[in-house]
Amino acid sequence: MKYLRTALFTVTAAMLFPGCDMTEDNRNCPDKENVTLNFSLHDKNGAEVFKNRITATELMLFDGTGALHSSRTVATASLGSNQEIRFALAPGTYSVVAWSNAAGNTNITAAGNIFTPADGQVVFNTTESGDPLYTAPAPALGLTRSFNPTEILKTFTVPDKGAVDETIHFTHAHNKLDVYVKGYSMNGKQAVIRIEKVQRGFTFYMNYLSGGAVTYSQQSVVKTTPDGPMGNAAFNIPRVKKDNDVLIHVVNPETNAVDCTEALSDILDSITGFDLDVEITIPILFEYFEGSFTVKMPSWATEGTKPGLD
């Protein structure tokens, strides 16, 4: 499978998105923009946050046969006042694939290697932290963010006469593991946090890719929190289900020995009232005291509005 880093994909995709397929007979191609796609992303409180969260979107259209029709990169700054994009399409049914915020830590299958949606992959190509990805699943989910992948895409139909106006609802395709370590350092060095058995990415349908997992690792740095200074390392990883295989290790920064390991699924099971379908950030505190660790959600993340969790 061949990939282009997103910077290269952007240049190529912009040239592949004519209003109608310019290689074929365009007598049915409208001479006016007849398609409006509105982009929408809601936070957990129902507020519209697309322009605040997303910088650019890789947009691909597939025709009624499932073949790639066209693709382009849509900069959020270029959208209209209602977060819309307008263009001309010939009558027919089209399917939408859209992935947002794919930057230097994400590979998307190069447009020239995509013939149907099944050819597409979105791969986190990092050992430290991925991009904060969003995608547009189907059917339109509105405020719901349930992680329930299918092999169905968002579709719309362009009529023979008239126009079409569709809203593309986005959801998060990442979780942010925000790991804190309190009371543990070695000769002034903060712990290394290692995240193991992480999914490596998605198909265009937002199903996990088969074939192996990846490991992320970061040296934690001191961060001021409501409970005082402590080590912190944050990781954007492919969105997780509650039942997952992810392991979180606290590693001695001098010997590289693992001093504590916790399964993310066990941590999530121990947290009451935490909705994984809604929350993007998963804050986790490893607290070291008298030779042992306790693992929990930080106290400041369980109070009131849970600042920073979305």
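**Strands, sheets and cores in a predicted model**

Modeller: To start with one pair in this predicted model, strand β16 (residues 192–199) and β18 pair in the antiparallel sense over six bridges, and within that pairing Gln 199 has Ala 213 in β18 as its bridge partner.

Biologist: OK, and which sheet has β18 and β16 in its order?

Modeller: They belong to an open sheet of four strands, ordered β18-β16-β21-β22, with antiparallel pairing. The edges are taken by β18 (213–219) and β22 (258–263), each of which has a single partner strand, so one side of each is left without a neighbour in the sheet. On average, and with direction ignored, neighbouring strands of this sheet are turned by 20 degrees against each other.

Biologist: Remind me, through what do the strands of a sheet pair?

Modeller: Strands of a sheet pair through backbone hydrogen bonds, and the pairing is either parallel or antiparallel.

Biologist: Is Met 206 buried or exposed?

Modeller: Met 206 is buried, its relative accessible area being 6%, whereas Lys 197, as said, is partly exposed at 45%.

Biologist: Switching topic, which strands make up the sheet with mixed pairing?

Modeller: That is an open sheet of five strands, in the order β19-β20-β13-β23-β24. Here β19 and β24 (292–296) stand at the edges, and because each has a single partner strand, one side of each is left without a neighbour in the sheet. From one strand to the next, the twist averages 35 degrees.

Biologist: How many residues of β20 are buried?

Modeller: Nine of its 11 residues are buried, so β20 is largely enclosed by the rest of the structure. Strand β13 (residues 174–182) runs antiparallel to β20 and is joined to it by eight bridges, with Val 179 standing opposite Ala 233 in β20.

Biologist: What about the β24 end of that sheet, how many bridges join β23 to β24?

Modeller: Five bridges join strand β23 (residues 281–289) to β24, and the two run antiparallel. In that pairing, Phe 289 has Ser 292 in β24 as its bridge partner.

Biologist: Let's talk packing. Which residues touch the most other members of the largest nonpolar core?

Modeller: Those are Trp 99, Ile 193 and Ile 248, in a core of 49 residues. If neighbours within four places in sequence are left aside, the contacts of Ile 248 include Leu 177, Val 179, Ile 193, Ile 195, Cys 260, Leu 264, Ile 267, Ile 284 and Phe 286. A second, separate core has 26 residues, among them Val 74, Leu 79, Ala 90 and Phe 170.

Biologist: One more residue: where does Gln 121 lie?

Modeller: Gln 121 lies in strand β8 (residues 121–124). Its relative accessibility is 17%, and because the cut-off for buried is under 20%, Gln 121 counts as buried. The C-alpha atom of Gln 121 is separated by 9.0 Å from that of Tyr 205, although these two residues are 84 residues apart along the chain.

Biologist: And for the whole chain, how many helices and strands?

Modeller: The protein chain has three helices and 24 strands, and 49% of its 310 residues count as buried. Taking contacts between residues at least 6 apart in sequence, 72% join residues at least 24 apart.

Definitions and conventions. Residues are numbered from 1 along each chain as its sequence is written. This is a predicted model: local features need pLDDT of at least 70, side-chain atom pairs count only at pLDDT 80 or more; totals for chains, interfaces and linings use all residues. Side-chain values use heavy atoms; hydrogens and water are left out. Buried means under 20% relative accessible area, exposed over 50%, partly exposed in between (1.4 Å probe, protein chains only). Contact means heavy atoms within 4.5 Å. Two strands pair if DSSP finds at least two bridges between them. Axes are lines fitted to C-alpha atoms, for helices over the stretch in contact, and angles run from 0 to 180 degrees between N-to-C directions. A nonpolar core is a set of buried Ala, Val, Leu, Ile, Met, Phe, Trp, Tyr and Cys residues joined through side-chain atoms within 4.5 Å.
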